[in-house]
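Open the model in your viewer and keep the selection tool at hand. This tour goes stop by stop.

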Amino acid sequence: MSITQGPLKGIRVIDMTHAHAGPFGTMLLGDLGAEIIKLEPPPGEMMRMGEKKVSLTSYYFTGLNRNKKGLVLDLKGELGRKAFHELVKKSDIVYSNLRAGVPTRQGTDFETLSKINPRIIRCNISGYGETGPCRSYPSFDIIACGHSGILSVSGDPKTNTPVIPGGIALADMMGGIFGTMSVLAALFKRNRDDKGVKIEFNLLNGLMVMQQVLFQNYFLTGNNPPLQGQRHSTTAAYGIFDTKDGHITLAPVKQTDKETLLKLIGLEKLLNDPKFKTREDMIMNRIELNEHIEKALLKRNTDEWVKLFRDENDIPCGPVLNYDQIITDPQVLHNKMFIEMELRGERYKTIGTIFKLSNESELIQGTPDPPPDLDEHTDEILQSLLGYSDETIKAIRAESEAAIPIWKARSSRTDMSEHIDELKQKIKESQE
């Protein structure tokens with residue numbers, strides 16, 4: 001059963017997104033019951049990567065594009081552009097993640113589309129924003145992480161080496177979430193004034209907002225925050241600690257928690273040490289205190305410590321689980337975060353919807369539709385939604401097919417190719 005009865009039932013989204021940030025954002029709207037029409041250029045969006053079945057070559061597209069209908073149009077062609085405009089008239093939201101200026105050059109910007117549909121909500125996620133000195137620069141997740149300061153606090157201070165935060169596409173995921181939050185706010189506003197909304201969200205701003213507390217500390221102290229590593233930078237006994245067989249996370253937030261913790265691990269003698277007597281003392285001498293704690297924790301396994309701390313003494317802590325452990329974790333299973341889907345006859349597991357809404361839960365629990373094949377719903381959309389004849393649809397298909405070589409040539413070009421001679425010379429000089 002598709003998710004078609006959620007709180008966004010009746011809302012239609014033209015999804016022009018690609019890669020990660022945009023597809024994740026529109027997937028969330030689909031999980032809430034919106035109708036998502038994924039509009040792709042003739043060769044398909046960049047993350048299909050020759051996808052033919054559920055496999056490692058297509059996991060990106062498979063993971064981010066459920067509950068969407070597949071439509072192919074060549075927006076540079078007269079027929080494709082006309083069909084797109086007709087679709088805009090019947091839609092609520094146009095969503096993309098494109099470099100600043102690209103929507104204007106495409107003719108898909110808010111100013112253009114609002115003349116076609118004054119109620120349209122136009123959301124575009126870019127790397128840096130629509131204006132400013134960096135607006136035209138290319139940006140991907142890790143580039144935004146570096147520019148925003150996130151990488152300056154993510155990593156091991158012992159090696160002074162930044163790492164990918166959490167090992168995930170943090171900027172892209174955040175962009176999709178905040179972009180979709182903006183869309184939901186725009187829908188609420190439109191219900192009041194019946195006017196369309198232009199949404200310009202960028203990854204740089206989003207990542208800086210996520211560092212609200214660290215920036216506040218910087219503004220008050222003038223000190224750059226260091227790489228955070230395994231320990232909280234301003235609190236004692238808070239972070240990731242090694243155990244005999246793995247790792248444990250600790251977050252004792254009260255003075256009594258710290259006292260109980262020290263007694264349980266055999267470090268009660270530290271309670272009489274002036275360096276660790278009060279909470280403030282512990283924080284001021286947290287590096288030394290953390291070293292004592294980690295040395296003690298190496299004597300037992302993670303599960304033993306978790307049972308002693310959390311289960312028996314209510315001290316906040318937990319294990320560091322890998323994916324093999326997570327898929328059998330009783331709380332995760334209870335939360336029903338895994339679902340099974342079928343794509344081209346092949347069953348596969350994926351993460352389910354996060355939305356559990358009171359009085360709506362029974363309406364959004366269905367199994368989502370799998371990601372669409374390229375061009376899968378083109379005929380259906382053009383015929384049932386726009387009322388196009390078979391002859392017109394055939395002409396639109398012919399226009400798209402004729403454009404495939406042009407799209408492929410454009411997508412295969414890189415900035416490097418424009419400077420190949422210069423690069424060759426630099427490589428030669430570096431080898432001499």
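Begin with Arg 310. This residue is partly exposed, with a relative accessible area of 38%. The model is predicted, so keep that in mind at each stop. Arg 310 and Asp 311 form a salt bridge, and their closest N and O atoms are 3.0 Å apart.

**The whole chain**

Zoom out. The protein chain holds 18 helices and 13 strands. It has 432 residues, and 42% of them count as buried. Take the contacts between residues at least 6 apart in sequence: 70% of these join residues at least 24 apart.

Side chains of opposite charge can pair when their charged atoms come close. How many salt bridges are there? The count comes to 21.

Select Glu 294 and Arg 231. Their side chains meet in a salt bridge, 3.0 Å from N to O. Glu 294 sits in helix α12 (residues 286-297), while Arg 231 is in the loop between α9 (212-221) and β9 (239-242), so the pair ties together parts 63 residues apart in sequence. Is Glu 294 buried or exposed? Its relative accessibility is 15%, so Glu 294 counts as buried; the cut-off for buried is under 20%.

Move on to Arg 347 and Glu 340. Here, too, the side chains meet in a salt bridge, at 3.2 Å from N to O. Arg 347 is partly exposed, with a relative accessible area of 47%. Glu 340 is partly exposed as well, at 40%. Next, select Arg 12, Glu 35, Lys 69 and Glu 380 together. Salt bridges that share partners join these four residues into one network.

**Where two helices cross**

Two packed helices are described by the angle between their axes and the distance between the axes. Show helix α6 (residues 141-148) along with α7. Their axes come within 7 Å and cross at roughly 90 degrees. The two helices are therefore roughly perpendicular to each other; angles of 65 to 115 degrees fall in that class.

Which residues meet here? On the α6 side, pick Asp 141, Ala 144 and Cys 145. On the α7 side, pick Leu 170, Ala 171 and Asp 172. By class, this contact of α6 with α7 has 4 nonpolar, no polar and 2 charged residues.

**A buried Asp**

Stay on Asp 172. It belongs to helix α7, which spans residues 170-193. Asp 172 is buried, yet it has no salt bridge. Where is the nearest side chain of opposite charge? That is Arg 99, and it is 13 Å away. Now show what Asp 172 touches. Leaving out residues up to four places away in sequence, the partners are His 20, Ala 21, Asp 141 and Leu 203. Asp 141 is also one of the α6 residues at the helix contact.

**Last stop: a loop**

Select Leu 321. It lies in the loop between β11 (317-319) and α14 (323-326). Leu 321 is partly exposed, with a relative accessible area of 34%. Neighbours within four places in sequence aside, Leu 321 is in contact with Ile 326 and Asp 329.

Finally, draw a C-alpha to C-alpha distance from Leu 321 to Gly 246. The two are 75 residues apart in sequence and 9.4 Å apart in space.

Conventions: Residues numbered from 1 in each chain as written. Predicted model: local features only at pLDDT ≥ 70, side-chain atom pairs only at ≥ 80, totals over all residues. Heavy atoms only, no water. Helix = DSSP H or I, 4+ residues; strand = E, 2+ residues; numbered from the N terminus. Buried < 20%, exposed > 50% of the residue type's maximum accessible area, 1.4 Å probe, protein only. Lys, Arg positive; Asp, Glu negative; His and termini not counted. Contact = heavy atoms within 4.5 Å. Axes fitted to C-alpha atoms, helices over the stretch in contact; angles between N-to-C directions. Parallel < 35°, antiparallel > 145°, perpendicular 65-115°, else oblique. Nonpolar A, V, L, I, M, F, W, Y, C, P; charged D, E, K, R; others polar.
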